Amino acid sequence: MPTFDIVSKIDGQTLDNAINTAKKEILNRYDFNDSKSTIDLDKKTNEITIVTENDMRLKAIQDSIISRMVKQHLDSGALDFGKEQYASGNMIRKEIKVKEGIDKETSKKLVKKIKDSGLKVQASIMDDQVRVQGKKIDDLQAVISLCRGENFGQPLQFINMRD
């Protein structure tokens with residue numbers, strides 16, 4: 001029986017390359033001359049931490065990270081921007097979480113959307129991914145196009161297509 005999996009993953013090495021390129025770009029910009037701005041990626045918790053002096057620089061760093069992710073073919077929808085916090089002195093700190101895996105709420109929406117479509121497939125939730133089974137590959141491809149046309153709040157990839 002043909003199956004495939006719907007997942008939400010970001011390649012860690014590509015993300016690291018994008019963050020390092022954004023760091024270099026920020027260090028070379030004239031408006032960041034004599035700045036104490038830092039960008040750190042914690043690979044264990046998948047969090048990007050930005051510390052800078054003001055909102056303008058924070059916005060510029062965020063834009064740089066997003067543009068570098070797009071150039072590395074990563075979906076910037078995987079970034080969850082939190083609130084700014086005031087660190088010591090006049091510094092602003094912002095933590096950006098990188099979403100990995102499909103959470104329970106999103107996977108329930110995904111399964112409901114697939115079942116409401118009327119296609120003859122079965123969708124089941126497996127940890128942080130959704131497995132879709134069907135008798136025809138054409139039905140599975142219709143599910144993929146259905147999911148691509150909908151916004152579920154995070155990037156989706158379709159892997160392990162088996163016949």
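Analyst: Let's start where the helices meet: H1 and H2 pack at an angle of about 135 degrees, and their axes are 9 Å apart. Angles over 145 degrees would count as roughly antiparallel and 65 to 115 as roughly perpendicular, so H1 is oblique to H2. The crossing of H1 past H2 is right-handed. Keep in mind that this is a predicted model.

Now for the residues in the contact. From H1 come Leu15, Ala18, Ile19, Thr21, Ala22, Glu25 and Ile26, and they meet Ala60, Ile61, Ser64, Ile65, Arg68 and Met69 of H2. Sorted by class, that contact has nine nonpolar residues, two polar and two charged ones.

What do the helices rest on? There's an open sheet of four strands, in the order S2-S3-S5-S4, with antiparallel pairing. S2 (38–42) and S4 (79–86) are the edge strands, and each has a single partner, so one side of each has no neighbour in the sheet. From one strand to the next, the twist averages 15 degrees.

Zoom in on S2 and you'll find five bridges joining S2 to S3 (residues 47–52) in the antiparallel sense. Along this pair, Ile39 stands opposite Ile50 in S3.

Back to the helices. H1 (residues 12–28) packs on the sheet and touches S2, S3 and S5 (92–98), with its direction at about 170 degrees to that of S2. H2 (residues 55–71) packs on the sheet too, touching S2, S3, S4 and S5, and the direction of H2 makes about 145 degrees with that of S3.

Notes
Residues are numbered from 1 along each chain as its sequence is written. This is a predicted model: local features need pLDDT of at least 70, side-chain atom pairs count only at pLDDT 80 or more; totals for chains, interfaces and linings use all residues. Side-chain values use heavy atoms; hydrogens and water are left out. Two strands pair if DSSP finds at least two bridges between them. Helices (H or I, at least four residues) and strands (E, at least two) are DSSP runs, numbered from the N terminus. Axes are lines fitted to C-alpha atoms, for helices over the stretch in contact, and angles run from 0 to 180 degrees between N-to-C directions. Contact means heavy atoms within 4.5 Å. Angles under 35 degrees count as roughly parallel, over 145 as roughly antiparallel, 65 to 115 as roughly perpendicular and the rest as oblique. A crossing is left-handed if the near helix is turned anticlockwise from the far one by less than a right angle, and right-handed if clockwise. Ala, Val, Leu, Ile, Met, Phe, Trp, Tyr, Cys and Pro count as nonpolar, Asp, Glu, Lys and Arg as charged, and the others, Gly among them, as polar.
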